[in-house]
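Take a moment with the sequence and the model. Then let us walk through the fold step by step.

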Amino acid sequence: MQASGNVPSWDSKEQTQKALDNSLYTIIAVDDDQTIGMGRLIGDGVYYMIADIVVHPNHQRQGVGNKIVNMIIEYVEKATPIGGRSSIQLIAVKGKEAFYEKMGFKIIPHEFCGSGMRKVIHK
């Protein structure tokens with residue numbers, strides 16, 4: 001399966017398995033016994049991060065990614081207690097920002113948040 005967009009890959013199966021095992025919520029999209037997409041959520045109960053939204057190119061623009069993201073949002077909504085607050089964050093693949101904006105995500109920076117930042121460590 002190829003990622004949607006220019007997503008780097010890594011070779012560590014051990015690291016990949018650990019990431020999946022430590023996810024709060026994982027969704028696998030299946031069509032005709034074939035995996036066509038997946039998404040996962042990580043977080044601490046207040047701050048959440050959507051990671052690895054991937055849809056096979058042959059199944060893009062068919063609502064699969066939208067359904068995956070909406071299921072993740074529903075999970076966070078249910079996990080957020082009355083009177084509580086949760087923040088869902090993500091790093092969109094360049095060119096895919098509009099996809100997430102349609103679901104209510106805001107591009108950073110904006111009036112309340114500065115620029116998103118990251119540091120990648122390669123070994």
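Two parts are in contact when heavy atoms of one lie within 4.5 Å of heavy atoms of the other. Keep that in mind for what covers helix 2. This is a predicted model.

Four strands form an open sheet in the order 1-2-3-4, and their pairing is mixed. Strand 1 (25-31) and strand 4 (87-90) stand at the edges. Each has a single partner strand, so one side of each is left without a neighbour in the sheet. From one strand to the next, the twist averages 20 degrees.

Now look at the pairs. Strand 2 and strand 3 run antiparallel and are joined by six bridges. Arg-40 has Ala-51 in strand 3 as its bridge partner. The two strands, 2 and 3, form a hairpin with three residues between them. Gly-45 sits in that turn, with a positive phi of about 100 degrees. From strand 3 the chain crosses through helix 2 to strand 4, and this β-α-β crossover is right-handed.

Strand 3 (residues 47-55) and strand 4 pair in the parallel sense, over four bridges. Here Met-49 stands opposite Gln-89 in strand 4. Helix 2 (residues 64-79) packs on the sheet and touches strand 1, strand 2 (34-43), strand 3 and strand 4. The direction of helix 2 makes about 160 degrees with that of strand 3.

Which residues of helix 2 are buried? They are Val-64, Gly-65, Ile-68, Val-69, Ile-72, Ile-73 and Val-76. Look at the spacing in that list. An α-helix has 3.6 residues a turn, so residues three or four places apart point the same way. The cover over the buried residues of helix 2 includes strand 1, strand 2, strand 3, strand 4 and helix 3 (97-101).

Ser-23 lies in the loop between helix 1 (13-21) and strand 1. Is Ser-23 buried or exposed? Its relative accessibility is 13%, and buried means under 20%, so Ser-23 counts as buried. The side chain of Ser-23 reaches the backbone oxygen of Ala-19 at 2.8 Å. Leaving aside neighbours within four places in sequence, Ser-23 is in contact with Arg-40, Leu-41 and Ile-42.

Terms used. Residues numbered from 1 in each chain as written. Predicted model: local features only at pLDDT ≥ 70, side-chain atom pairs only at ≥ 80, totals over all residues. Heavy atoms only, no water. Pairing = 2+ DSSP bridges. Axes fitted to C-alpha atoms, helices over the stretch in contact; angles between N-to-C directions. Buried < 20%, exposed > 50% of the residue type's maximum accessible area, 1.4 Å probe, protein only. Polar contact = N/O pair within 3.5 Å; in protein donor to acceptor, adjacent residues only side chain to side chain. Right-handed = clockwise from strand over helix to strand, strands pointing away.
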